[in-house]
Amino acid sequence: WEDLLTVEGKGYAGPLLCLWGDKDPWVVPAYVDTLQKMRPDLALRWIDAGHCPHHEKPEDFNRHLSEWVSGLAARPADFPVFRQNRYRQLPVTISNIW
């Protein structure tokens, strides 16, 4: 996660929303602490759901998402979005493909 979410010039540094099911049995809510340490600007919304809040509570999920996006649209885009290339680029040749 650190590779993707830190703000020290690596990974994605733009706005970040986390919609989390507070009854998720697999990715326990305690993981949110780790995310918030990496990204203190994280917007967190809890949903009364399990692992798939977008399926279990789509109305709540969509409401939170719409409100968050509307808030972004109302402010200037003053954030940088950094993305370092994490993969080695290879030239495409017939020998690479076959």
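A residue is counted as buried when its relative accessible area is under 20%. In this predicted model, strand β1, which spans residues 17-21, is mostly covered, with five of its five residues buried. The side chains of a regular strand alternate between the two faces of the sheet. In β1, L17, L19 and G21 point one way, whereas C18 and W20 point the other way, and all of them are buried.

The position of β1 in the fold was examined next. β1 pairs with strand β2 (residues 43-47) in the parallel sense, over five bridges. Within this pairing, L17 stands opposite A43 of β2. Together with helix α2 (residues 31-38), the strands β1 and β2 make a right-handed β-α-β unit.

Sorted by class, the lining of the largest pocket holds seven nonpolar, three polar and one charged residues.

C52, by contrast, has a relative accessible area of 26%, so C52 is partly exposed. A search of the whole structure for disulfides finds zero.

Terms used: Residues are numbered from 1 along each chain as its sequence is written. This is a predicted model: local features need pLDDT of at least 70, side-chain atom pairs count only at pLDDT 80 or more; totals for chains, interfaces and linings use all residues. Side-chain values use heavy atoms; hydrogens and water are left out. Ala, Val, Leu, Ile, Met, Phe, Trp, Tyr, Cys and Pro count as nonpolar, Asp, Glu, Lys and Arg as charged, and the others, Gly among them, as polar. Buried means under 20% relative accessible area, exposed over 50%, partly exposed in between (1.4 Å probe, protein chains only). Helices (H or I, at least four residues) and strands (E, at least two) are DSSP runs, numbered from the N terminus. Two strands pair if DSSP finds at least two bridges between them. A crossover is right-handed if, with the strands pointing away from the viewer, the path from the first strand over the helix to the second runs clockwise. A disulfide is a pair of cysteine sulfur atoms within 2.5 Å.
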